[in-house]
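Reader: I have the sequence and the fold open side by side. Can you walk me through the main points?

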Amino acid sequence: MKILFVHQNFPAQFLHLAPEMQRRGHDCIALTDTTNNRSSEIRVVKYRHNSPAPDPQACRLGRNYTQMSDRGVTVARAAMQMREQGYVPDVIFGHSGWGETLFLKEVWPEAKLLVYAEFYYKGRGADVGFDPEFDRPNFDQVIIAQGRTTHLGQALLHADAGLSPTRWQASTYPPILRERIKVIFDGVDTGVMKPDPSATLTLPNGRVLKAGDEVLTFVNRNLEPYRGYHTFMRALPAIMAERPEAQVVIVGGDEVSYGRPAPEGQSWKNIYLDQVKDRLDMSRVHFMGKVPYSTFVSMMQVSRVHAYLTYPFVLSWSMLEAMGAGCMVVGSRTAPVAELIEDGVNGRLVDFFDVEGWSKMITRALARPERFMDLRRAARETIVKGYDLRTACLPQMVEWVESFGPSA
C-alpha cells in the first residue's frame, strides 16, 4: 500500500517505522518542511512554510490555533499538488502537534488518516502550574492551556485513529478522544543499548571513563527546568562533597525545548550552574553539550547512576534507553516516569522538588553499586520484555498501521 508520513522534523517518531514499512514492500513517502535537512531512507517531498507569526493582541487565545492551522493550510496545499500529479496514499500517518494533518482529509478523503497523539495540554494535573518556582497555578493558565488543545482535538476528530507512546500521555486526552488512541512506545534498540563492561567514554578534557567507574549522568535535549535541571544542579553540591571521586557527566544544549525561555541574554544552564558552582569541584563536572548518539550510548554504558527528572509531560526516549543499557536510574516521581519505573524494583523514585532526597538517593547509589545490581538487571528486563524495538514495539506498530490498509 501507499503510505505518506507527515512530520515537519521527519523522521522523528517515524525513524524506525518508515524504513521498516518500506522494507515490507509498501510504497513510502515523507512530507516535511524545507528547513528539515535530516537524512532519510525513504523518498522525501518538502513544503515551504513562510506564514508570519500572528499578532498576539489580535489573536489572544487564538494565536496557537492560528499558527498551527496556517501550517496545516501550507501542508494541504502541498498535498493538493501531490494529488494533481496523481499521488493518492492509502494511509497517512502524521504528527498532530504542529497542525500538519488538519486538512489532509479534505485532500484525500479516501485515505485512512492516523495521527501521532503525543500529548493533550491540560490546565490542571500535568505540566501547567506544576512548578511553583515558575508558574503558580491560576485560572488564566487553565484557560490558555485549554486554548492550546484546539488543533489537537480537531486533528484526532478528523483522523481514523491515534497513537500515543505511553498510557499516561494517552490519558491526557478527553475520554471521548482517548477511545481512538492506541498505546505503543516508539521502541528501544536493546541490541545497541545494552550493558558493556568494556565501554569507555572520552571526556572533553581527554580523561577516559570506564564501565565500573563512579559516574553520575544527566541527559536533556536542552538543560531546562521542564526536565528538572534546576533540581539536579541543586542536589549536586551535597553529592560531590560525599563522593569525592565521582565524575558528573551532563549532556544537553543551551536552548529551550519546553516551557519559557531563560531571561534575555542568559541560559538556564548558566543560571543554575552559577547558583552552585562555588560549592562544586568543577574539574569533576563535565558539560558535554549535544553529543552524537554513539557517545550517548557509551555514556549510558559507563554510568553508575543516571538521574532523570521531568514535569508531568512527554516522556524522554533517553530514560528508557538508559534502562535498556542497564543503568541504575533514579527518576522523578512524576507521570509518566512512574509508568515505567517501580520504586525499589527496577529503579528508584524521588519527589521532583526534594533536593535533599535526590542528594541522598544518588549518593547512596554511587557509594554502594552492588546493592543496586538487581534493580539494574530489572530495568533492562523491563525494556527488553515490553519496550524492545525489534520484538515488541515495531511489530505492534507495523501491524497497527497495516490494519488500515485497503486489503486489511
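**Surface patch and sheet**

Author: The model is a predicted one. L61, F139, I143 and I144 make a nonpolar surface patch of about 380 Å².

Reader: Is L61 buried, partly exposed or exposed?

Author: L61 lies in the loop between helix 2 (56–59) and helix 3 (63–84). Its relative accessibility is 45%. Buried means under 20% and exposed means over 50%. L61 therefore counts as partly exposed.

Reader: What is the strand order in the open sheet?

Author: Seven strands form this sheet, and the pairing is parallel. Strand 3 (43–47) and strand 7 (181–183) each have a single partner strand, so they stand at the edges. The twist averages 25° from one strand to the next. The order is 3-2-1-4-5-6-7.

Reader: How many residues of strand 1 are buried?

Author: Strand 1 covers residues 2–6. Five bridges join strand 1 to strand 2 (residues 27–33), and four join it to strand 4 (residues 91–95). The rest of the structure largely encloses strand 1, because the buried count is four of the five residues.

Reader: Which residue in strand 4 is the bridge partner of L4?

Author: Toward strand 2, I3 stands opposite C28. Strand 4 runs parallel to strand 1. There, the partner of L4 is I92.

Reader: Which hand does the β-α-β unit of strand 1, helix 1 and strand 2 have?

Author: Strand 1 and strand 2 run parallel. Helix 1 spans residues 17–23 and belongs to the unit with both strands. The unit is right-handed.

Reader: Which residue of strand 3 pairs with L31?

Author: Five bridges join strand 2 to strand 3, which run parallel. In strand 3, the bridge partner of L31 is V45.

Note on methods: Residues are numbered from 1 along each chain as its sequence is written. This is a predicted model: local features need pLDDT of at least 70, side-chain atom pairs count only at pLDDT 80 or more; totals for chains, interfaces and linings use all residues. Side-chain values use heavy atoms; hydrogens and water are left out. Patches are made of residues with over 30% relative accessible area and no salt bridge: like charges are joined within 9 Å, nonpolar side chains (Val, Leu, Ile, Met, Phe, Trp, Tyr) within 5 Å. Accessible areas come from the Shrake-Rupley method with a 1.4 Å probe; for residues, only the protein chains shown count as cover. A salt bridge is a side-chain nitrogen of Lys or Arg within 4 Å of a carboxyl oxygen of Asp or Glu. Helices (H or I, at least four residues) and strands (E, at least two) are DSSP runs, numbered from the N terminus. Buried means under 20% relative accessible area, exposed over 50%, partly exposed in between (1.4 Å probe, protein chains only). Two strands pair if DSSP finds at least two bridges between them. A crossover is right-handed if, with the strands pointing away from the viewer, the path from the first strand over the helix to the second runs clockwise. Axes are lines fitted to C-alpha atoms, for helices over the stretch in contact, and angles run from 0 to 180 degrees between N-to-C directions.
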